[in-house]
Amino acid sequence: MREYDLLVVGSANADLVTAVTRRPGPGETVLGSDLAVHPGGKGANQAVAAARLGARTALLARVGDDAYGRLLLDSQESAGVDTAGVLVGGAPTGVALITVDPSGDNSIVVAPGANARLTPDDVRAAGELFAAAPVVSVQLEIPLETVAEVARALAPGARLVLNPSPPAPLPPEVLEACDPLIVNEHEARVVLQGAGADVPDAPEDWARRLLDLGPRSVVVTLGAEGALVATAEGTERVPSVKVDAVDTTGAGDAFTAALAWRLGAGEDLATAARFAARVGALAVTRAGAQVSYPTGAEVAALGEEGAAR
């Protein structure tokens, strides 16, 4: 039996969050709320989200030898994540500057810091982690050459889950390893344009064009409209779960982590996506990223509530 259910390779940031009545325009200053500091980063978020659901999770990341780095390590360990792969030093911990408007939507600027120092050599040195995980999840807040090395480092039979955020054109060897590639509308457009492909109007057509680039499967997240899953056999819509959104920060990471874990447990893509939609829905009902992530019991209760309606 594998030692882990999921290995996450990616970023770890301190999230500096302020609420605003509206986002500033060019050259404009607006007042925000008191600053809140939360552990974040897409990689660290996914690791905590999966661990809180009950997945045996490891994280390969890099943080600074500073207070933010200690905050992130404490958050991972409190959630039950194995942090043996978290490297310390090389640069200050990455920082994300986040504004949240009254609707719960956010805007984010990331200063990568130590995340930019997570190298292909670090991936090669973590061979024991890769050998112990049936699913590896990665994002693009670390260098693209490191992501490419992750694709090469997969154990036989393991699958790669990639959310290309922040979006960038992807090399063929990375695209061909994805199972699935998880994108929102903006990310889908960037990946397609980067490959020289036309960008059609309908999500089903985005998914088909993305599959043509090499991924074994694709998931397109559609916000309030749910998600679309696509394989060579066809496409299927997954409905959203209706909740009152407070803060969408990190919700996509919760969705990705949940889906990756359930795929590793043997569920098909559509079933895993339906579970992930419940996890993402619960995450937006609370402020912050990692602190908002539900436990497995909370997700089960939401499912029972929906079935009773």
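Let's start with burial. Of the 309 residues in this chain, 54% are buried. Keep in mind that this is a predicted model.

Now the overall build. The chain contains 11 helices and 13 strands. Its radius of gyration is 18 Å, close to the 19 Å that the globule rule gives for 309 residues, so the chain is as compact as a globular protein of that length.

The accessible surface of the chain is about 12800 Å². Carbon and sulfur atoms hold 53% of that.

And charge? The chain carries 23 positive and 39 negative charges. How far apart are their mean positions? They lie 2 Å apart.

Let me zoom in on one residue, Gln46. You'll find Gln46 in helix H1, which covers residues 42–53. Is Gln46 buried or exposed? Its relative accessibility is 0%, so Gln46 counts as buried; the cut-off for buried is under 20%.

What does Gln46 touch, leaving out residues up to four places away in sequence? The list is Val8, Ser137, Gln139, Asp253, Thr256 and Ala257. With Gln139 there is also a polar contact. That one runs from the side chain of Gln46 to the side chain of Gln139, at 3.4 Å.

That's the tour. Thanks, everyone.

How values were computed. Residues numbered from 1 in each chain as written. Predicted model: local features only at pLDDT ≥ 70, side-chain atom pairs only at ≥ 80, totals over all residues. Heavy atoms only, no water. Helix = DSSP H or I, 4+ residues; strand = E, 2+ residues; numbered from the N terminus. Rg over C-alpha atoms; globule rule 2.2 N^0.38 Å. Buried < 20%, exposed > 50% of the residue type's maximum accessible area, 1.4 Å probe, protein only. Areas by Shrake-Rupley, 256 points an atom, 1.4 Å probe, with all protein chains shown as cover. Lys, Arg positive; Asp, Glu negative; His and termini not counted. Charge placed at Lys NZ, Arg CZ, Asp CG, Glu CD. Polar contact = N/O pair within 3.5 Å; in protein donor to acceptor, adjacent residues only side chain to side chain. Contact = heavy atoms within 4.5 Å.
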